[in-house]
Amino acid sequence: MQDQEREPIAYMERTRIYYRALGYTKDYVWANHADVPFFRPVKPVSEMKIALITTAGPGDRSHRDERNRRHVWSGLIAHPPATFDTDMAWDKESTHTDDRETFLPVDAARRLVADGTLGALAPSFHTAPTDYSQQKTMEQDAPEILRRLREERVEAAILTAL
Amino acid sequence: MSLVARHLEANGIPTVIIGSAKDIVEHCGVPRFIFSDFPLGNPCGHPWNADMQTATVRLALSLLDTATEPRTTVRSPFEWKDDPGWRERYNRVRPEDREQLLALGEARRKARKT
């Protein structure tokens with residue numbers, strides 16, 4: 001069977017089984033919404049300024065506080081950090097995160113600006129913490145990212161989740 | 001990440017997610033989603049494959065132009081490497097690992113309390 005024809009991994013079920021094996025008694029409840037917002041762009045991508053948002057943080061871990069909680073962090077597209085903090089759940093047995101472009105595609109986006117596909121890249125990219133607490137994401141992180149995008153008059157965003 | 005996309009979208013900033021955990025993203029419900037059927041960690045393409053990464057971002061951008069309704073998922077045409085075992089490997093729980101996993105969980109819980 002071609003890999004393309006395989007069923008995608010059921011991550012929620014697999015994670016539940018894994019955490020039960022770790023001895024946790026309460027299953028994580030993933031966010032679930034019946035309604036999904038949709039805002040149709042008013043102009044083509046070739047005329048838009050777009051921001052990149054990723055779940056990885058800077059390698060110096062300056063997005064973490066003294067209790068190791070992660071917070072929204074922004075870096076400059078022109079000078080991305082040399083290394084990234086990718087200390088979170090991803091498949092460490094099957095791949096690696098040594099190539100930043102696999103989770104923060106700065107160079108790829110630049111090529112698409114150069115060939116006219118994309119209007120412009122916003123000066124900053126952003127780290128969105130993947131937090132256990134959905135409340136923290138909704139009340140602190142998401143509004144803070146929105147504020148930072150508006151500061152740079154961003155018109156659309158690409159979000160890449162490790 | 002899905003919750004952030006929803007918040008931006010609800011406030012007038014169109015979004016597209018590139019990710020590999022299809023069930024989790026679609027369970028949350030997002031406006032636009034490029035699904036890369038890869039091991040978690042490299043949603044934008046194979047490491048060091050600039051052509052694939054550029055093509056994946058191009059696909060994401062095209063979805064901003066073309067999607068007409070929320071929950072629009074497009075599967076990336078790219079496949080993972082010649083490694084048939086990757087789907088089974090992630091967070092697997094084998095009977096012989098049970099004792100070790102339980103000890104790992106205990107250590108984590110202890111660390112959180114201190």
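Which residues touch the most other members of the largest nonpolar core? They are Ala157(A), Val4(B) and Ile17(B), in a core of 57 residues. Helix 3 of chain B gives the most to this core, with five residues. In soluble globular proteins, nonpolar side chains tend to be buried together.

This is a predicted model. The predictor gives the complex an ipTM of 0.95 and a pTM of 0.94. Chain B averages a pLDDT of 95, and 99% of the residues score at least 70.

**The two chains**

The table sets out some values for each chain.

| Chain | Helices and strands | C-alpha extent along the principal axes | Buried residues |
|---|---|---|---|
| Chain A | three helices, seven strands | roughly 50 × 50 × 35 Å | 33% of 162 residues |
| Chain B | five helices, three strands | about 50 × 35 × 20 Å | 41% of 114 residues |

Chain A follows the pattern α-β-β-β-β-α-β-β-α-β along the sequence. Chain B reads α-β-α-β-α-β-α-α.

In chain B, residues 24 or more positions apart account for 48% of the contacts with a separation of 6 or more.

The radius of gyration of chain B is 18 Å. A compact globule of 114 residues would have a value near 13 Å.

**The interface**

How many residues of chain A are in contact with chain B? The count is 69 residues of chain A, in contact with 65 residues of chain B. On the side of chain A that touches chain B, the elements that give two or more residues are helix 1 (11-21), helix 2 (106-114), helix 3 and strand 7 of chain A. Helix 3 of chain A gives the most to that side, with nine residues.

Ala157(A) has neighbours in both chains. From chain A, Ala157(A) touches Ile50(A), Ala51(A), Ile53(A) and Leu149(A). From chain B, Ala157(A) touches Leu8(B), Ile13(B) and Thr15(B). These contacts leave out residues up to four places away in sequence.

**Helix 1 of chain B**

Why is helix 1 of chain B described as largely enclosed by the rest of the structure? Helix 1 spans residues 2-10, and seven of its nine residues are buried, so the rest of the structure largely encloses it. The buried residues are Ser2(B), Leu3(B), Val4(B), Ala5(B), Arg6(B), Leu8(B) and Glu9(B).

Just after helix 1 of chain B comes Gly12(B), with a positive phi of about 90°.

**The strands of chain B**

Strand 1 and strand 2 of chain B run parallel, joined by three bridges. Gly19(B) stands opposite Phe35(B) in strand 2. Strand 2 of chain B also runs parallel to strand 3 (residues 72-75) of chain B, with four bridges between them. Here the bridge partner of Phe35(B) is Arg75(B) in strand 3.

Which hand do the crossovers take: right or left? Strand 1, helix 2 and strand 2 of chain B make a right-handed β-α-β unit. Strand 2, helix 3 and strand 3 of chain B make a left-handed one.

**Asp37(B)**

Where does Asp37(B) lie? Asp37(B) sits in the loop between strand 2 (32-35) and helix 3 (50-66) of chain B. Is Asp37(B) buried or partly exposed? Asp37(B) has 18 C-beta neighbours inside 10 Å, so it counts as partly exposed. A buried residue would need 20 or more.

Asp37(B) touches residues of both chains. Pro8(A) is the contact from chain A, while Ser20(B), Arg75(B) and Trp80(B) come from chain B, not counting residues up to four places away in sequence. Asp37(B) and Gly19(B) are 18 residues apart along the chain, and their C-alpha atoms are separated by 8.3 Å.

How values were computed:
Residues numbered from 1 in each chain as written. Chains lettered and ligands numbered in written order. Predicted model: local features only at pLDDT ≥ 70, side-chain atom pairs only at ≥ 80, totals over all residues. Rg over C-alpha atoms; globule rule 2.2 N^0.38 Å. Buried ≥ 20, exposed ≤ 12 C-beta atoms within 10 Å, placed from the backbone. Contact = placed C-beta atoms within 7 Å. Pairing = 2+ DSSP bridges. Right-handed = clockwise from strand over helix to strand, strands pointing away. pLDDT = per-residue confidence, 0-100. Core = buried A, V, L, I, M, F, W, Y, C linked by C-beta atoms within 7 Å.
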